[in-house]
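Subject: A structure to look through, with notes

Dear colleague,

I am handing over the structure below, and I would be glad if you read the notes that follow it with the structure open beside you.

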Amino acid sequence: MLGVALGLRLWVVLTHTYIIFQDETFQYLEQAHRLAFGSGVVPWEFIDGIRSWLLPGMIALVMRLTALVSPDPSTYVLVVRICVIAASLSVPYVGFRMAEQRCALPGAVAVGLLCAFWFDLVYFAPAVLTEVMATYAAFWAIWLGDVQAGGSPSRRRLMLAGALFGLACCLRYQYAPALALAALWQHGRDHTRLGTVLVGTLAALALTGGLLDTLTWGAPFQSVWLNFSRNAVQGVGAALGVEPWYYFPAYFSVAWNIVAPLLLGLMVLGATRMPALAFAAVATVALHSMTPHKEMRFIFLASAAMPVLIGLGTASMLQSVIRLRRAATVPTAIAVAVVIAGAVATATATRAYPANAWHRDRSVVQAFDAARSEPNLCGLGVRTLSVYRSGGYTYLHRDVPIYFETFEAVQQLETLPFRLRLRLVLNGQPVPQYPNEQLARNSGRFNFLIGRPGDRLPGFETTACFGAGSPDDPAICVFRRPGGCD
């Protein structure tokens, strides 16, 4: 199962270029680049101090080590994504092992294949997002604490489970209530086990949330309480967009179409086999449904649990309905899993995802790569394109200033009475910006320009254009001006 899952995910990352959410670049890769090389766009979250340095710090180490071998940014981005893909194998592995304990080999095969081919899991596998990484840690934690996984877990195993619960909560503190429910279901009837898990959790939180935030921001757990204050109390989250409470169920209803009742029934049946995982999934959806701002990545923990629960439900039906010997049941499990995964993938891809989802913002990456490869580049201007939709220094990776026309616009949200601060640094020094019409007046400061086809400034000529011209893969061009920079 792992070989199939790994092969599919590696094929995706080697043949497709896409950025699922802007946070991938500017909350994690860009901050890692700034930490490793000294240059980057600094969003308001890292000016105010509401994000943990945990994930950017780990990425920075990978970037720095990869740069010793190749200076090409596409290389360190690829290595980072392959590392994330390796972590993503936790879902099919844990799903297989938990199903094996409950439904023998046929059930394990069904769950493993569903997780290997599940559309959302494949699509998000290369994504550098805290929701995704927290989910992988949570899966390991639930499996390590699983009583059915070879009898009562050892003390060391429970401590590690607790540490992974703590790591998951540090990466995505909004998952903490859901994971607490899962841990209580697993260990609540044995106070010794629960206490051991709690010690591991508190130790991990003290290190990754308490100590790290104190060293980087000056206060313990600042990336939790200040994040909550800015987004929930001061309304930044709601200013980014509000969706109705039924947003998540409606999404799955549209994505799964006519197979939704069948999948829901299988999940309910599977929940009786793995209640801890089911509690975590349901609580994740319920809690995030109560927040005004909703995005599908926020409930990735639930999305990852779905193929496991569906697979367990499928295995239960196979056990009760098909009275065949094991050799015949395994091929049946394979066939059923492939049919379900194929139906879900087809429905999701055609009904819930945009046509260019697998190439989202590919043109932006290509344009920044084209500019980076120009030997005479001494300054880069960016027109029309939002700062947060650009490639930043992550994909430029040159010691030249970047000037954004939208620098001022992205700091203002209509319903907020305050600005969301932003700055750029080059080798640790601030880069002055010329927003709006000032960019054109200061075109002498850059000799390359990135923008839409109609964004060419006087004196510049078009060198290359990329993209399909769709909202998710917009047409983006690179323009060049003869000469150097002021």
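Helix α8 (residues 130–144) and helix α9 (residues 155–171) pack at an angle of about 160°, with their axes 8 Å apart, where helices are DSSP runs of H or I of at least four residues, numbered from the N terminus, and axes are lines fitted to C-alpha atoms over the stretch in contact, with angles running from 0 to 180 degrees between N-to-C directions. Because of that angle, α8 is roughly antiparallel to α9 (under 35 degrees counts as roughly parallel, over 145 as roughly antiparallel, 65 to 115 as roughly perpendicular and the rest as oblique). The contact (heavy atoms within 4.5 Å) involves, among others, Met 133, Trp 140 and Leu 144 of α8 and Arg 157, Leu 160 and Phe 165 of α9. The residues of this contact of α8 with α9 divide into 16 nonpolar, one polar and one charged, where Ala, Val, Leu, Ile, Met, Phe, Trp, Tyr, Cys and Pro count as nonpolar, Asp, Glu, Lys and Arg as charged, and the others, Gly among them, as polar.

Please keep in mind that this is a predicted model, in which local features need pLDDT of at least 70 and side-chain atom pairs count only at pLDDT 80 or more, while totals for chains, interfaces and linings use all residues. Residues are numbered from 1 along each chain as its sequence is written, and side-chain values use heavy atoms, with hydrogens and water left out.

A second pair, helix α4 (residues 54–67) and helix α5 (residues 73–88), packs at an angle of about 135°, with the axes 9 Å apart, and therefore α4 is oblique to α5. Here Ile 59, Val 62, Met 63 and Thr 66 of α4 meet Thr 75, Tyr 76, Val 79 and Val 80 of α5, a contact whose residues comprise six nonpolar, two polar and no charged.

Finally, the largest cavity is lined by Ile 19, Gln 22, Thr 25, Asp 361, Val 364, Tyr 388, Arg 389 and Ser 390 (a cavity is a set of points on a 1 Å grid over the protein atoms alone where a 1.4 Å probe fits but cannot get out, and lining residues have an atom within 4 Å of a point). By class, this lining has three nonpolar, three polar and two charged residues.

With best wishes

Notes. On a 1 Å grid over the protein atoms alone, a cavity is a set of points where a 1.4 Å probe fits but cannot get out, and a pocket is an open set with protein on both sides within 12 Å along at least five of seven lines; lining residues have an atom within 4 Å of a point. Helices (H or I, at least four residues) and strands (E, at least two) are DSSP runs, numbered from the N terminus.
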